[in-house]
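I opened this entry to record what I looked up in the structure, in the order in which I consulted it.

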Amino acid sequence: APTIVPTRTPVPTPTVYISSAKIIVQVYVDRNGNNTPDDGEWIDAMTVQVTISNNEQITQRTMNGIAVFDLAGYPPNSGIDISLPGLYRNETFLLPEQGDVTVVFKFDQPVLPTSLP
């Protein structure tokens with residue numbers, strides 16, 4: 001009697017996707033309260049730290065209130081945590097496959113007393 005040997009089903013090899021995304025971080029003090037960054041409101045030399053889900057950290061300082069992180073080559077859907085160390089501000093999201101992600105850190109002008117007690 002003939003022996004029937006099943007044909008192996010080919011298993012596709014996984015395709016590795018890498019991201020081509022950039023993260024644009026904007027930091028400003030809203031002095032006039034219009035919820036929009038104006039000239040003179042951008043914060044320079046602010047340390048911005050990006051922590052990727054593999055615990056890799058990238059640090060930059062803002063120039064004209066903006067820091068740009070090119071995360072091309074990292075896997076999409078990696079967990080991203082952007083923080084301003086020492087100021088207790090952070091933002092978390094998943095890295096998209098492509099495009100720009102803009103993260104805005106807005107600080108409000110503190111209320112100052114109009115008269116001394």
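I began with the open sheet of three strands, whose order is 4-1-7 and whose pairing is mixed. Strands are DSSP runs of E of at least two residues, helices are runs of H or I of at least four residues, and both are numbered from the N terminus. I took two strands as paired if DSSP finds at least two bridges between them. Strand 4 and strand 7 are the edge strands, each pairing on one side only. From one strand to the next, the twist averages 15°. For such angles, axes are lines fitted to C-alpha atoms, and the angles run from 0 to 180 degrees between N-to-C directions. Strand 1 and strand 4 run antiparallel and are joined by five bridges. Within strand 4, Phe-69 stands opposite Ile-23.

I noted the provenance before going further. The model is predicted, so I recorded that local features need pLDDT of at least 70, that side-chain atom pairs count only at pLDDT 80 or more, and that totals for chains, interfaces and linings use all residues. Residues are numbered from 1 along each chain as its sequence is written, and side-chain values use heavy atoms, with hydrogens and water left out.

I then turned to the open sheet of four strands, which has the order 3-2-5-6 and antiparallel pairing. Strand 3 and strand 6 (89-94) are at its edges with a single partner strand each, so one side of each has no neighbour in the sheet. Neighbouring strands here are turned by 15° against each other on average, direction ignored. Strand 2 pairs with strand 3 (residues 57-61) in the antiparallel sense over five bridges. I located two of the partners in strand 3: Arg-61 is the bridge partner of Thr-47, and Gln-60 stands opposite Val-48. The two strands form a hairpin with four residues between them, and Asn-55 in the turn has a positive phi of about 70°.

The largest nonpolar core holds 23 residues, and Ile-23, Val-25, Val-27, Ile-80, Ile-82 and Phe-105 have the most contacts inside it. Such a core is a set of buried Ala, Val, Leu, Ile, Met, Phe, Trp, Tyr and Cys residues joined through side-chain atoms within 4.5 Å. Strand 1 (22-30), strand 2 (47-52), strand 4, strand 5 and strand 7 (100-108) each give two or more residues to this core. I listed the neighbours of Ile-82, leaving out residues up to four places away in sequence; among them are Ile-23, Val-25, Val-48, Phe-93 and Phe-105. Contact means heavy atoms within 4.5 Å.

I also checked Ser-78, which lies in the loop between strand 4 (66-70) and strand 5 (79-84). Ser-78 is buried, with a relative accessible area of 8%; buried means under 20%, exposed over 50%, and partly exposed in between, with a 1.4 Å probe and protein chains only. Beyond its neighbours within four places in sequence, Ser-78 contacts Ile-52, Ser-53, Phe-93, Leu-94 and Leu-95.

Finally, I recorded the chain as a whole. The chain has seven strands and zero helices. Its radius of gyration is 23 Å, well over the 13 Å that the globule rule gives for 117 residues, so the chain is more spread out than a compact globule. The radius is taken over C-alpha atoms, and the rule is 2.2 Å times the number of residues to the power 0.38. The C-alpha trace spans about 105 × 25 × 25 Å along its principal axes. Buried residues make up 31% of the 117 residues.
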